[in-house]
Amino acid sequence: MNFNEYPVDSLMYITNRPDIVFTHGKGSWLYDNTGKRYLDFIQGWAVNSLGHCNEGMIEALDKQARTLINPSPAFYNAPMAQLAGLLTANSCFDKVFFANSGAEANEGAIKLARKWDKKFRNGAYEIITFDHSFHGRTIATMSASGKAGWDTIYAPQVPGFPKADLNDIASVETLINEKTVAVMLEPIQGEGGVIPATREFMQQLRTLTKKHNLLLIVDEVQSGCGRAGTLFAYELSDIEPDIMTLGKGIGGGVPLAALLSKANVACFEAGDQGGTYNGNPLMTAVGYSVISQLVAPGFLESVREKGKYLKQELLKLSEERGFKGERGEGLLRALLLDSDKGLQIVQKARLMQPNGLLLNAARPNLLRFMPALNVTKDEIDQMMSMLRSVLDSL
Ligand SMILES: *Cc1c(COP(=O)(O)O)cnc(C)c1O
């Protein structure tokens, strides 16, 4: 197979992509059009929680495709109810709305917060978010994000998202006024470079939001669904948020996301919220398979164990090479480099022969690791050894 056989020029340009086409995958491995294989520590951007082409997901997809694909969101279907029940049984939340992407789930969270205030308070609409945060690529979620340059790229922004500094409670407190309805954050900033909110900060936020009768919204699109070693990252801080959004890992690779809330916050009225594919049985059946596998006895414990192992191996490497350590939770981790060579490492790792390695540099001075949650210790060892050869070749 030749790369020129693929009409990639018909695709709208959005980013630089290498001249390869991925053709198939299994577990932690991806294969391209030349037959070369790659150890995948990106996994669709922390999306393929169970690796490529997981058997349970395939079975669920196949069975559901033969049973019912889409009765319309105006009617109940069995997988949508079953997955909602599984999520409420395994979280502090009572109500679930399904969406197709993380950004859409966050749009829902923003709407729900504004609606809640209109209904129960006096129409406040400001949601305090954080510098370096990432909440999606719709106009509102880009406005909520604290990514450099995003305030001007599609100006004007949607107003109402003042930015505070992560892990600095005073910076949040000074932004609170009569227009404030909520505080929204990623318990671990993913795109920002794997920066965890501290347990102390999460608890301070919960106390502060309760004191001012504000909602606490956690965007767990990246940190949720087992990624942090617990089913949801908010559990690490022993707090209960009012609203949570999920995406990425919940679908294990298929487009599925969710907006969850406490019963007293779930105040949408008929017609306030919806969407053509929301809660479609094909995707929710896959989500049910994914979450069932994550909550199976011993699974999350194994994620924590492998997270610890990866952490220890990254620290060893950091000491060996004079890097600046590592950070993260579970299997969402970052290695802090000693210079801005992240992109160069990513490039060289992919081009390595005979096998490539897929890594991500969320920022130029660090590498982000987001392997499948069922990655093996042996695969972590292979990744470390491949990474060492790349570093040797620089
Ligand atoms: C990826 C991500 C999103 C956006 O999800 P999409 O499915 O790409 O819309 C939102 N929030 C966080 C924390 C993310 O990592």
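Modeller: Let us start with Ser302, where a polar atom of the side chain lies 2.7 Å from the backbone oxygen of Phe299. A polar contact is a pair of N or O atoms within 3.5 Å; within protein, one must be able to donate a hydrogen and the other to accept it, and residues adjacent in sequence count only if both atoms are side-chain atoms. The model is predicted, with local features needing pLDDT of at least 70 and side-chain atom pairs pLDDT 80 or more, while totals for chains, interfaces and linings use all residues. Residues are numbered from 1 along each chain as its sequence is written, and side-chain values use heavy atoms, leaving out hydrogens and water.

Colleague: In which helix does Ser302 lie?

Modeller: Helices are DSSP runs of H or I with at least four residues, numbered from the N terminus. Ser302 belongs to helix 9, residues 299–321. Its C-alpha atom is separated by 21 Å from that of Lys316, 14 residues apart along the chain.

Colleague: Which residues surround the ligand?

Modeller: A residue is counted as near if one of its heavy atoms lies within 4 Å of the molecule. Here the surrounding residues include Ser101, Asn106, Phe134, His135, Glu186 and Gln222. A polar backbone atom of Gly102 lies 2.8 Å from an oxygen atom of the ligand, and an N or O atom in the side chain of Asp219 is 2.8 Å from a ligand nitrogen.

Colleague: At what angle do helix 3 and helix 8 pack?

Modeller: Axes are lines fitted to C-alpha atoms, for helices over the stretch in contact, and angles run from 0 to 180 degrees between N-to-C directions. Helix 3 (residues 78–89) and helix 8 (residues 281–295) pack at about 30 degrees, with axes 8 Å apart. Helix 3 is therefore roughly parallel to helix 8, a term for angles under 35 degrees. Contact means heavy atoms within 4.5 Å; among the residues making it are Leu83 and Leu86 of helix 3 and Tyr288 and Ile291 of helix 8.

Colleague: How do the axes of helix 2 and helix 8 cross?

Modeller: The axes of helix 2 (residues 55–65) and helix 8 come within 9 Å and cross at roughly 150 degrees. Helix 2 is therefore roughly antiparallel to helix 8, the term for angles over 145 degrees. Residues that meet there include Met57 and Leu61 in helix 2 and Leu282 and Val286 in helix 8.

Definitions and conventions
Helices (H or I, at least four residues) and strands (E, at least two) are DSSP runs, numbered from the N terminus. Angles under 35 degrees count as roughly parallel, over 145 as roughly antiparallel, 65 to 115 as roughly perpendicular and the rest as oblique.
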